[in-house]
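Me: Hello! Could you walk me through some of the side-chain contacts here, one question at a time?

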Amino acid sequence: MLKLRLSNGQEREVAKGSNLLALAQELQGEYASPIVEAVFNGEGTDLQRPLQTDGTVSFIEVNTPEGMRVYVRTLLFMLLAATKKLRPDVHLEVRNTLGSALYCIDNSQQKLTAEDIKAIEAYMHDMVKRREPVQLTRLPKAEAMEMACAICSEDSLALLKEVPEDTVLTVNTLDGWNGYLFGAMCPDAGYVPYFELLPYADGVVINYPDTGSWTVLPPFEDKAKLNATYQEAEEWSAMIHCNTIGKLNKIIELGYAEKIIQIAEALHEKKLAGIADRLASHKELRLVLIAGPSSSGKTSTAQRLSIQMAVNGLRPIAISMDDYYKNRADSPRKADGSYDFECLEAIDLELFNEHLQRLLAGERVKMPKYNFRTGCREYRGNELQMQANSVLVVEGIHGLNEKLTAAIPAENKMKIYVSALTPMSFDEYNRIHTTDMRLLRRMVRDSQFRSHDAEKTLLTWRNVREGEEKYIFPYQTSADIIFNTTLIYELAVLKKYAEPLLSAVPQSAGRAYTTARRLLNLLSFVKPIDDTVIPNNSILREFIGGSVFKDAL
């Protein structure tokens, strides 16, 4: 018998080889929404995974960010299984999220029709009604690979070959269809009743609930400009044969890492030059606003764009909104007493607007610099003054919020949304979350420049994400231009910096440890790249160090 210690202090004994599903069902009454995943000895675990050792146990409910990942993963598995049942000739590929919706492209010759999509949705809802089970099978690598040859793509096989020979792999089965989807699944389709399928672009979207409101299905919001940016990145990375981790690993193995770095950096330079050309053609332009979520590379983007603007005869003046944070003692607080650094009110709007108006009027202004270590604004002798052809380039998370610059006429400003919209995936079904990419960037940067360990970054990330949902993402559609800062090689670079930080997170850190283990598993599939050849103006240098723009960071 195995001994389990629960988060409520109780102890239980279970047979070796049993799973946690029965225990989760017994304790369900203590949770506000369905339990969809377990945490066993600090690591996220499928409720049906057999137990082999003693351990500590807690549970994750669906109405959380972690739980919603399980919900969406199960929905995707249902879509794939239902499609194979009704249209076995159709091949779907997971692309990206659009708010609370997941876009899948249809790569088939005979595309899904609107009627097909309605039939597939009806079949999925029937799965929910009959609570179609999601079966979990654990197989030694050799047996799993034999099965994988029949159901997996070359990209999936390349990843599976990388795991150690003694690894036991998980295969899920739903309605007779086998698949590898990395991560926990709901025990049956009855756990995911709220969704809809909609025809979209070259495929279909699964619309699902927002985190925190799992029983409410919001109307699908089309974000065509954002989706177009995602698809452009996907198509470009596929064109150069580097759109999956397996392909990136092969490039590294063959010794072409430096080449892929050069190609990725050249794309950034080309895109920024194109944006600068567009800005130069805007004769009434006085203000460029660059906004985006945490660790999207706003500062380096502003600096590099400023250089490209200068090539076009403009005189850009870069300003970081971060330098206008209120002193920490004056920062607004949340209901729980913690600082709210993400809200608009965390910025000294009065001082910011005063400086903005004075600069636009041609006055010389003494500029502040925020010291993140002390939590105070400082003045280090930096003064700015606009001249002929000068354009203010302001970067910060609230740049798209019209309240920030309401006094400036629309014809005098351009808004640019910046984010790390990663085109990389493990294979056609297992994508890499943009939020994970940004979290790795932030964790490395916090360690390098802000004296924060990984545990602190991981523990505060949920608050950061909540702030983004409130103060950044609602304004995405108001952007005139979207710039994707992802570099297709960056996971292979971040691996070297992030793995030691993640490995140092103690199990006592709770949720932070669970996230750390998940990210370590993600990075385990990636081969490392030597970062010495990365140019000093790369956006990635903003996070790993060595940036030529270090004075602006």
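**Side-chain contacts**

Reply: Gladly! Arg-442 and Asp-446 join their side chains in a salt bridge, 3.7 Å from N to O; a salt bridge means a side-chain nitrogen of Lys or Arg within 4 Å of a carboxyl oxygen of Asp or Glu. This is a predicted model, where local features need pLDDT of at least 70, side-chain atom pairs count only at pLDDT 80 or more, and totals for chains, interfaces and linings use all residues. Residues are numbered from 1 along each chain as its sequence is written, and side-chain values use heavy atoms, leaving out hydrogens and water.

Me: In which helix do Arg-442 and Asp-446 lie?

Reply: The two residues are four apart, about one turn of the helix. Helices (H or I, at least four residues) and strands (E, at least two) are DSSP runs, numbered from the N terminus. The helix that holds both Arg-442 and Asp-446 is H11, residues 434–449.

Me: Are Arg-442 and Asp-446 buried or exposed?

Reply: Buried means under 20% relative accessible area, exposed over 50%, and partly exposed in between (1.4 Å probe, protein chains only). By that scale, Arg-442 and Asp-446 are both buried.

Me: Is Glu-11 buried or exposed?

Reply: Glu-11 meets Arg-5 in a salt bridge of 3.0 Å, N to O. Arg-5 counts as partly exposed at 43% relative accessibility. Glu-11 has a relative accessible area of 60%, so its class is exposed.

Me: Which residues are linked in a network of salt bridges with Asp-126?

Reply: Asp-126 and Arg-130 meet in a salt bridge at 2.3 Å, N to O. Asp-126 is partly exposed, at 35%, and Arg-130 is partly exposed too, at 34%. The network links Asp-126 with Lys-85, Arg-130, Glu-132 and Asp-175.

Me: How many aromatic pairs does a search of the whole structure find?

Reply: Rings of Phe, Tyr and Trp (its six-membered ring) pair if their centres lie within 6.5 Å; planes under 30 degrees apart count as stacked, over 60 as edge-to-face and the rest as tilted. Searching the whole structure gives a count of aromatic pairs of 15.

Me: Why is the pair of Phe-77 and Trp-177 tilted?

Reply: The ring centres of Phe-77 and Trp-177 are 5.5 Å apart. Their planes meet at 50°, so the pair is tilted.

Me: How many residues apart in sequence are the parts that Phe-182 and Phe-525 tie together?

Reply: Phe-182 and Phe-525 form a stacked pair, 5.6 Å centre to centre with 5° between the planes. Phe-182 lies in the loop between E10 and strand E11 (196–200), and Phe-525 in the loop between helix H14 (511–524) and helix H15 (541–544), so the parts tied together are apart in sequence by 343 residues.
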